[in-house]
Amino acid sequence: MSQSAMTSVNQKRIVLTGVSRGLGRAMAEGFIREGHIVAGCARSKEAIGQLAQHHEPPHAFEVVDVTRDAKVRAWADRVLSEGGAPDLLINNAGLINRNAPLWEVPAEEFSRVIDANIKGVANVLRHFVPVMVKRNCGVIVNISSGWGRSAAPEVAPYCATKWAIEGLTQALAEELPKGMAAVPLNPGIINTRILQSCFGDAAESYPDADAWAERAVPFLLQLGAKDNGKPLSVPA
C-alpha cells in the first residue's frame, strides 16, 4: 500500500471546540500534523482567521459560541454536510471563574461558567451525536479536569461544571450503541490561561500546551469502543 493510500485509510475526521488557544489550539495543530482533518470552532475571530489562513480545506475553522444552541446547530449542519460524521468529537471549550469564595462569585459570572462548560457541551453533543449514532461509530471526548474528580477552594463554579461533565459523560456512555465511546478526560495540569488565572506565576512550572499535545494527540487517536465510560487521564 502506498503512503498516500495508508494516510487515506488511517485519516480521521476530528471536530474540536475551543481551538483559539491553549489545549484546543495545540490539539488542532497536532492532529493536522499527523495528517488528520480538523473542523474547529472558537469565539475569537482573530484566532479563527489565523487558523483558516494557515490550514486550508478540507480543514475548516469557524467563529462559534457554543453557548448558543442555534449557532452550534448551524455550524454542525455545515460540518456534517461537508464531511459527514466525525470519528472523534472533542468538547474542549471552557471557562473558569476568577478566584473567589463561592458566595463572592457574581451570579453573571457563575452563569457564564455553567453556560460554557455544561450547556456548551450539551449543545455540541445534541447536534453531532445523532449522526455518529446513525453511523454507529466514533469517539466522544469531553474534557474534564482533576477538579472534576477532586475539589479546591475559590474555584467552586469550575469544579461544579467538571464534576457535571464526569457524570454527564458516563451517563451518555450508557446510552450509546455498542461500537461507540464517550470518555471524560482529565488532561492533567498544563500551563494555560485557565491555570494562570488560579495559580498565577506558579503555572509556569508546568508543561505548556504544545508539550502536552505531544502526548495527548497520540493518546486521543488510539481511543476506541473499549474505553466507553472510562474516566481517563492523559498519561504524564
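This section describes the strands, ring pairs, salt bridges and surface of a predicted model.

Local features need pLDDT of at least 70 and side-chain atom pairs pLDDT 80 or more, whereas totals for chains, interfaces and linings use all residues. Residues are numbered from 1 along each chain as its sequence is written, and side-chain values use heavy atoms, with hydrogens and water left out.

Helices (H or I, at least four residues) and strands (E, at least two) are DSSP runs, numbered from the N terminus. Two strands count as paired if DSSP finds at least two bridges between them. A residue is buried under 20% relative accessible area, exposed over 50% and partly exposed in between (1.4 Å probe, protein chains only).

Strand β2 spans residues 37-42. Six of its six residues are buried, so β2 is largely enclosed by the rest of the structure. I37, A39 and C41 point one way from β2. V38, G40 and A42 point the other way. In a regular strand the side chains alternate between the two faces of the sheet. Strand β2 pairs with β1 in the parallel sense, over five bridges. The bridge partner of R13 in β2 is I37. Between β1 and β2 the chain passes through helix α2 (residues 22-33), in a right-handed β-α-β crossover. A crossover is right-handed if, with the strands pointing away from the viewer, the path from the first strand over the helix to the second runs clockwise. Strand β2 also runs parallel to β3 (residues 60-63), joined by four bridges. Here A39 stands opposite A60. The crossover from β2 to β3 goes through helix α3 (residues 45-54) and is right-handed.

Strand β4 covers residues 88-91. L88 and I90 point one way, L89 and N91 the other, and all are buried. Three bridges pair β4 with β1 (residues 13-17) in the parallel sense. L16 stands opposite I90 in this pairing. Four bridges join β4 to β5 (residues 138-143), and the two strands run parallel. L89 faces I140 of β5 as its opposite residue. Helix α5 (residues 107-135) carries the chain from β4 to β5 in a right-handed β-α-β crossover.

Aromatic contacts come next. Rings of Phe, Tyr and Trp (its six-membered ring) pair if their centres lie within 6.5 Å; planes under 30 degrees apart count as stacked, over 60 as edge-to-face and the rest as tilted. The structure holds three such pairs. W75 and F128 are edge-to-face, at 5.3 Å centre to centre and 70° between the planes. This pair links distant parts of the chain, with W75 in helix α4 (residues 69-83) and F128 in helix α5, 53 residues apart. W75 is buried at 1% relative accessibility. F128 is buried too, at 0%. W147 and Y158 have ring centres 6.2 Å apart and planes at 85°, so this pair is edge-to-face. W147 lies in the loop between β5 and α6 (156-175), and Y158 in helix α6, 11 residues apart. W147 is buried at 18%, and Y158 is buried at 8%. Ring pairs link W147, Y158 and F199 into a cluster.

Salt bridges were assigned by distance. The criterion is a side-chain nitrogen of Lys or Arg within 4 Å of a carboxyl oxygen of Asp or Glu. By this rule there are nine salt bridges. D115 and K119 meet at 3.3 Å, N to O. They are four residues apart in helix α5, so about one helical turn separates them. D115 is partly exposed at 25%, as is K119 at 46%. E166 and R149 form a salt bridge with their closest N and O atoms 2.9 Å apart. E166 lies in helix α6 and R149 in the loop between β5 and α6, so the pair ties together parts 17 residues apart in sequence. E166 is buried at 6%, whereas R149 is partly exposed at 31%. D227 and K226 form a further salt bridge, at 3.1 Å between the closest N and O atoms. D227 is buried at 7%, whereas K226 is exposed at 52%. Shared partners join D69, R73 and R126 into one salt-bridge network.

The surface was also examined. W103 lies in the loop between β4 and α5 and is exposed at 72% relative accessibility. A171, in helix α6, is partly exposed at 39%.
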